Each structure stands twice: as C-alpha cells, then as structure tokens.
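Here are some friendly notes to read alongside the model. Take the points in order, and keep the 3D view open as you go.

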Amino acid sequence: MIDWLIEELFAKYNYWVSIVLMLIGFYAMIAKDNLIKKIIGLNIFQTAIFLFYISLGDITGGTEPIVSEEMIAQGYVYVNPLPHVLILTAIVVGVATTAVALALVILMYEEYGTIEETEIIAKERERGA
Amino acid sequence: MLIVEHLPVLVVVLSLLSAFTILIVGHINKNSCWFISITTIIVQLVMAIFILYHVLTRGTIYYWLGGWMPPWGIEYLVDALNAYVLVIVLFLGLICAIHSKSSIEHELPKPSQKIVHFYTVYQLFITGLCGVTVTGDIFNMYVFIEILSLAAYALVASKGGISLRAGFTYLVMGSIGACFFLLGIGFLYAVTGSLNIHDLSLLLPPLYGNRAVQAAFIFIILGLGIKMAIFPLHTWLPDAHPAAPSPISAMLSGIMIMVGFYALIRVLFTLFPFYYNYGLILLILGLLSMTVANLFAYFQNDLKRLLAYSSIVNMGIAATGVGVAAYILATVTDPQEALPEAASLAMAGALLHILSHGIGKAMVFLGSGNIHASIHTRELSKMSGVGRDMPYTGYSMTVGLLSLLGMPPLIGFWSKFLIIMSVAMAIQSVGGVVMLITFIVLLFNVIYAAAYYLRVAKVLMIESGAVRTHEAPFPMVFSVVVLAFACLIGGLFPILIIQIAVRASLTILGGG
C-alpha cells in the first residue's frame, strides 16, 4: 500500500494535479449557473491540459535544449522543447476562445441584464410566451 | 515539383488572406465583401477540383511546409479521401456564400454594420474546414478544428437575442470536445514522440497494449464525437444549428459535422487497430443517435429544429456505415486476406452519405431561409401552402426532402442503398446477431424518417393556406435551385461519384 502510494501518487504528483484541476474546471463548466464562472472553469480545464503537456516534456535537472554533440557525451540533460511550443499554440487558442466567450457574455448582459443562466432562460421563456 | 502539388497549402492560405482582405477593404466599400468572398471560394473550388483530378490519376500529394521533412515538419497529405471531402466542402461553401448575399440582409440585425465581419468570419470558417481536410499532422488538425469552431461560435451567435445563449452553450461543449482531443494527442505524443499521422501509424502498432494509447483512443473518440454530434454528445446541436442565420445553419449541418466525421475516420482508421473494436462502438452510437433523434424530430414544429434533429439522424447513419466497415474488418483475422467487399462498400456508402446529406440538408436549410425571408416565420404550422406561392423554392425543397428520405432517382437513395446493401452482405458473410439488429434498426429508421420529411413536403406543397407571398430574391432562389439539380444529376448519373467514393474508401481502409 505504502509502495503504491509512493510510486503512483507521490512520484507522479504532476499528473494527479492536472487531473484534479481538470475535474475542478469540468465541474465549474457543468454546475455553475454564472456564465463568467463557466468561462473560468473552461480556463482551468484548459490550463490543466497545458500543465499535463509541460510536465510531459520536463526532465529533473534538465536545462534549455541548446546543445552540441560533446555536451550530450558529457551527460548533459535537456528538456524536450516541442510540448512547450505546442502549448504556446494551445494557449493562443485558449485566449481566443475566452475572448469569444466573454464577448458573448457581454452581449447577453446587454440583451437580458443578467449573467445567470437560469434567469436568462426564464427571460427567454417570458418573451417566447 | 508540379504546380498542383502546391495547391493544398494555397487552398488554405488563400481563404485566410481573403479574410483579412475583406476586413480591410470592407471598411472602404461594403459591397465588395461579397465579391471577394465569392471569388476566393470559386478559385479554391477550381483548385480543389484540380487536386482531386491529380490525386485520382497520379496518386497522393505530399506537401512539406517550409521544406521540413516529416516527422519534423508539418506535412499536408492529400489522398482520395481528403480531396473528395475538400471538393464537397468548397462546393457547398460556394452555394451558401451565394445565398448569404441576400439572406443575411433579412436575418442579421443591423446588417449594414455586420456585413464586413460576417464575411471575414465566414472566410475563417472556410479556412478551418479546408485546413482540417488537407492536413496530415494531428496537432495541426487540432488547431484547424479550433479555428473552424471559433468561427462557428461567432457565426451561430451573429443573430443576437436568443442565439447568443445557443452560441455560448455550443462554445462550452465545443471547447470541451477540443480539449479532450488535445489531451488524446498529448497521450499519443507521450508514448511515440511524433505528431505526424503517417509516422504515428508506423510507431503505434507495438504499443497498442499500452494504457496511454488506450486512453488516447477514448479521449479522441469523445472529443471528435462532440464535434460530429453523435448520441449522447449531440445535445448542443438542436440549439446551435437553428439559431444561426440560414446559410450558416446549412454550412454547420451540411459541412461542419461532416468534417468532424472525416477527422474521426482519418484518425481512427489510420492510427488504431480493429481489435479495439471501435466498429461496435460506432455502430451502437450510430444506431442510438438515429433512433433517438428520429423520435425527437417527428414532434418539432420549428422547421429548422426539425432539420437539425434530422442532421443527427444522418450522422448516425454515416457512423453506422463506418461502424459496419470496421466491424467487418475486425472479424478478418488474417492480414493477408483480401479486403472484404462489404467493408469497402459500407465505407463508400458512408462517404457518399456525407455528400448526399450535405447537399440535401444544405438545400433544405437554405430553403427555410427563403421562406423566412418571405413570411418571417420558422413554424411549420404557419407555412401551409407556402411552397406553391414560391414555386422555385417549394419544388427545390421537395426535391431536397425526397433526396434526404432516399427516393430512388435522387442522390440520397444511392448512399442509403449502399449502406443497407453492405449490411445485408455482411449478414451473409460475417453473420451474427449484431449485423441482423443493425439491419432491422437501420431499415426501420430510414422508413420512419420518411414520415416527417413527407410531412414537411405536404405542409409546403399540398396544404392550402391563407398566406399569400412572393418568391425570395434571386441569389437565394439560385442557390437552392442549383442544389436541387445537384441532387437530381448526382442521382441520375451516380457512377462517377460512387467510383470516387469507393476509391476514397479503399484509400482509408488500406486496400488500394
């Protein structure tokens, strides 16, 4: 049991952190009524995936990947840069998503005067009836 | 290097450039937006047809961005399947752009202010669709999926009012889907260190037992399942698709979920082996989505909502076709054995179905836009006899509805016929109760769907109503009539299209 805890839980804590963050974000997106909180949940969800990617590329003691053949021969360890680059792209995508979402929320606030989803639905019903 | 080998990247870059050109030029002259948009899409369509011709006669096109060899650089790989989907995307994109010339004036609030942004986002949408289709790099595919989704969220919400919430719900669902897809890519990258789809297909086979690969498989199915709106991940679609302006509804229902479907086929069939048995998963999900959505569709009074549910039904049919193909292949144990005919036929049927559904559904959505422009309602109960007052729209929509339900001389018949026939062949060759159940459920749903398609046709053409109205403006009528002829010609001379679909299915199944 202790071995399992050490091997699976503590040694791989970075993955557990990203799983927990992801579930927090997911919960916020599903359960929160406030649209801004939903967007925050979405951001937490995306950030969890970014962390997952970043920790994939990391090596303990690794440094920047500017190396020559001799340095590798001396046992120089470097961090894989590709996940970071991918995540730069994904961050840009995340920012764009957030921007569109916030713009929609602003328009909804102008239209209905509230950002609570249940109240918006209630107002839609009133207008429809 | 031949000029045609540069076309895949030009198709994507051209519409990206035109998006920003429209944004700048549009502020000087608003009327030029539509011309720039149309011209770009026509040029792209011509390019796509050249690509298709080249791929069919000479073979696959490989384009390395910046001259970097795969697996280091991004590769654009266009084979028969990509080229086929690309031509459909651009053809329907062109028709919807023509339609939007008049229809957005009726459907957008304050159209004179929004017209520039509408066409800019529309071009970005086309960029995303083309990008997903031509790319051979899985991360690049994620980026393009996000580009097209972001454009789609904005376009869905562009009507304001009630469609804002639909757009927001769609955004939340779509982002979850994209994030799951990204996570799946992360797992694949963690075990292989590669992102090129072809390279992954070489590196993955020894790792199929690995848990990370299995997790990646599940995340990718979930992520793309949300994008293509398969049951039980379809809940955003009946809200989002009707909320958009008609040409955008047509694009979303006709093309966007189809591109999601293409991405799913491409990733699953290239990367994962049949012993994961996703054939069965797709089969069950497909059958469930068509049954559930059919039940909902029948009771809708809102025409566009009915059509949105029918999109889920048709995605279910296509998923069933692909599922049958994968299920048959999973039973073939000996890799040296020839590709079973039923499998390639089922796949070709599914690919033909995305074409026939794309044309038919786009046309009916555009037609509903024409009706909306004339009598300002989407409710079926107020549309009695409208089709007779608007003869071009009415008769075209009838052709579209008949094609969707699978009436013989139209193109919708051939796709459903191929899928049902391949299931019948599979009952003989593979046997088993799964194929038998598939056959019965599929047949039942195809017949049941006729009930509501015919109801719409009856309301439009046969019932007598008090509303007297006139035909919609020319561009709207033109685009609907063109699509009606496409249904008819595709149905009367299906051999060429079926041949291309079979070539595409052989490419993806690895038999040709």
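Which element of chain B has the lowest mean pLDDT, and which the highest?

1. **Confidence.** Please remember that this is a predicted model. To answer the opening question, helix H14 (residues 386-389) of chain B has the lowest mean pLDDT among the elements of that chain, at 78, while H5(B) has the highest, at 91. Averaged over chain B, the pLDDT is 86, and 97% of the residues score at least 70. The model as a whole scores ipTM 0.91 and pTM 0.91. A word of care for your reading: where pLDDT is low, the predicted coordinates should not be read in detail.

2. **Chain A.** You will pass through elements in the order α-α-α-α-α-α, which comes to 6 helices and 0 strands. Chain A has a radius of gyration of 22 Å, well over the 14 Å that the globule rule gives for 129 residues, so chain A is more spread out than a compact globule. Along the principal axes, the C-alpha trace of chain A spans about 75 × 40 × 15 Å. Of its 129 residues, 22% count as buried. If you take the contacts in chain A between residues at least 6 apart in sequence, 48% of them join residues at least 24 apart.

3. **Chain B.** Now turn to chain B, which has 19 helices and 2 strands. Its radius of gyration is 22 Å, which agrees with the value near 24 Å that a compact globule of 512 residues would have. The box filled by the C-alpha atoms of chain B is roughly 65 × 55 × 40 Å, taken along the principal axes. In chain B, 62% of the 512 residues count as buried. Among the chain B contacts between residues at least 6 apart in sequence, 80% join residues at least 24 apart.

4. **Where the chains meet.** How many residues of chain B are in contact with chain A? There are 23, and they are in contact with 24 residues of chain A. On the chain B side, helix H5 (138-156) and helix H6 (162-192) each supply at least two residues. H6(B) gives the most, with 14 residues. Sorted by class, the side of chain B that touches chain A has 16 nonpolar, 5 polar and 2 charged residues.

5. **The nonpolar core.** The largest nonpolar core has 229 residues, and B:Tyr84, B:Phe125 and B:Val156 touch the most other members. Helix H13 (residues 341-375) of chain B gives the most to this core, with 19 residues. Select B:Tyr84 and look around: leaving aside neighbours within four places in sequence, B:Tyr84 is in contact with B:Leu52, B:Leu351, B:Ile500, B:Ala501 and B:Ala504.

6. **Helix H8 of chain B.** H8(B) has 17 residues and reaches 25 Å from its first C-alpha to its last, close to the 24 Å expected at 1.5 Å a residue. Its buried residues include B:Phe217, B:Ile220, B:Leu224 and B:Lys227. What do the buried residues of H8(B) pack against? They pack against H5, H6, H10 and H11 of chain B. After H8(B) comes B:Ala229, whose phi is positive, near 60°.

7. **Helix H11 of chain B.** H11(B) covers residues 278-298; with 21 residues, this helix reaches 30 Å from its first C-alpha to its last, close to the 30 Å expected at 1.5 Å a residue. Among its buried residues are B:Tyr278, B:Leu282, B:Leu285, B:Ser289, B:Ala293 and B:Ala297. What covers the buried residues of H11(B) includes helix H8 (211-227), helix H10 (246-271), helix H12 (303-331) and helix H17 (433-461) of chain B.

8. **One lysine to look at.** Finally, find B:Lys114 in helix H4 (residues 111-134) of chain B. Why is B:Lys114 classed as partly exposed? B:Lys114 has 16 other C-beta atoms within 10 Å, and a residue needs 20 or more to be buried but 12 or fewer to be exposed. Not counting residues up to four places away in sequence, B:Lys114 touches B:Leu108 and B:Ser158. For a sense of scale, the C-alpha atoms of B:Lys114 and B:Leu182 are separated by 33 Å, and these residues are 68 residues apart along the chain.

Key
Residues numbered from 1 in each chain as written. Chains lettered and ligands numbered in written order. Predicted model: local features only at pLDDT ≥ 70, side-chain atom pairs only at ≥ 80, totals over all residues. Helix = DSSP H or I, 4+ residues; strand = E, 2+ residues; numbered from the N terminus. Rg over C-alpha atoms; globule rule 2.2 N^0.38 Å. Contact = placed C-beta atoms within 7 Å. Nonpolar A, V, L, I, M, F, W, Y, C, P; charged D, E, K, R; others polar. Expected span 1.5 Å × (residues − 1). Core = buried A, V, L, I, M, F, W, Y, C linked by C-beta atoms within 7 Å. pLDDT = per-residue confidence, 0-100.
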